Amino acid sequence: LFRLAGGTNAVQEFIHEKGVRDIAIVATEAQMAQGWSVQYGDWCTPEAMTTLLRLFMEGRILSPAGTQLLMQFLVETTTGPHRIKGLLPSSMTVAHKTGTSNTNGEGVTAATNDVGIITLPDGSHLIISVFVKDARADEATREAVIARIAAAAARRHP
């Protein structure tokens, strides 16, 4: 996809033009696999990702057909069932995207992430971004942290 879009610089510039600045896209997945430190060149704040998701949901990133298709993909994804979706009632629709790095020889996992749009029972939406960075905890613990944060946020949403 990066190749079709003109490369990482083109994608980053597109996102910056939409007003989302606290994000850097400098390496593809293949490039990140070439060395542990490469992945740290790509970064984003949770606030920036939440803004990007809001713009996406409002139809300000893709065409209407593209927005609908990507939303369908995000709802139907099977990755990360124990993250944002983990403690939410199955009646809530969750459109989300996970991100996970490898674990290095010292037992550090650089990234265990999940970002998404939760449709609450009243039809309102909660946009959430949870990033767990440089953790030594096992996968179940990292995912449980994300699930607890999402459940707490959903309970407190007006």
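## Nonpolar cores

The largest nonpolar core in this predicted model holds 17 residues, and Ile-15, Val-20, Ile-23, Met-49 and Leu-52 have the most contacts inside it. A nonpolar core here is a set of buried Ala, Val, Leu, Ile, Met, Phe, Trp, Tyr and Cys residues joined through side-chain atoms within 4.5 Å. Buried means under 20% relative accessible area, exposed means over 50%, and partly exposed is in between, using a 1.4 Å probe and protein chains only. Two elements, α4 (46-57) and β4 (109-119), each supply at least two residues of this core. The largest share, 6 residues, comes from α4. Helices (H or I, at least four residues) and strands (E, at least two) are DSSP runs, numbered from the N terminus.

Met-49 touches Cys-44, Val-115, Ser-129 and Phe-131, leaving out residues up to four places away in sequence; contact means heavy atoms within 4.5 Å. There's also a second, separate core of 15 residues, with Ile-118, Leu-126, Ile-146 and Ala-151 among them.

## The largest pocket

Met-49 turns up again here. The largest pocket has about 2100 Å³ of space, and of its 49 lining residues, Phe-2, Glu-29, Met-49, Lys-97 and Thr-98 are the closest to its centre. The lining splits into 32 nonpolar, 11 polar and 6 charged residues.

Grid points are joined across faces, edges and corners, and the volume is the space filled by probe spheres set on the points.

## Around Thr-109

Thr-109 sits in strand β4 and counts as buried because its relative accessibility is 1%. Its side chain makes a polar contact of 2.6 Å with the side chain of Thr-103 and another, of 3.4 Å, with that of Arg-142. A polar contact is a pair of N or O atoms within 3.5 Å; within protein, one must be able to donate a hydrogen and the other to accept it, and residues adjacent in sequence count only if both atoms are side-chain atoms.

Beyond neighbours within four places in sequence, Thr-109 is in contact with Ser-101, Asn-102, Thr-103, Lys-133, Asp-134, Ala-135 and Arg-142. Asp-134 belongs to strand β5 and is partly exposed at 33% relative accessibility. Its phi is near 50°, a positive value in a residue other than glycine.

Arg-136 lies in the loop between β5 (125-135) and α6 (139-156), and it counts as exposed because its relative accessibility is 61%. A polar atom of the Arg-136 side chain is 2.5 Å from the backbone oxygen of Glu-106. Setting aside neighbours within four places in sequence, Arg-136 is in contact with Glu-106, Gly-107 and Val-108. Gly-107 is 29 residues from Arg-136 in sequence, with 5.6 Å between their C-alpha atoms.

Over in helix α4, Thr-51 is partly exposed at 26% relative accessibility. Thr-51 and Ala-33 are 18 residues apart in sequence, and their C-alpha atoms are 28 Å apart.

## Conventions

Residues are numbered from 1 along each chain as its sequence is written, and side-chain values use heavy atoms, with hydrogens and water left out. Since the model is predicted, local features need pLDDT of at least 70 and side-chain atom pairs count only at pLDDT 80 or more, while totals for chains, interfaces and linings use all residues.

Notes:
1 Å grid on protein atoms, 1.4 Å probe; cavity = no way out; pocket = protein on both sides within 12 Å on 5 of 7 lines; lining within 4 Å. Nonpolar A, V, L, I, M, F, W, Y, C, P; charged D, E, K, R; others polar.
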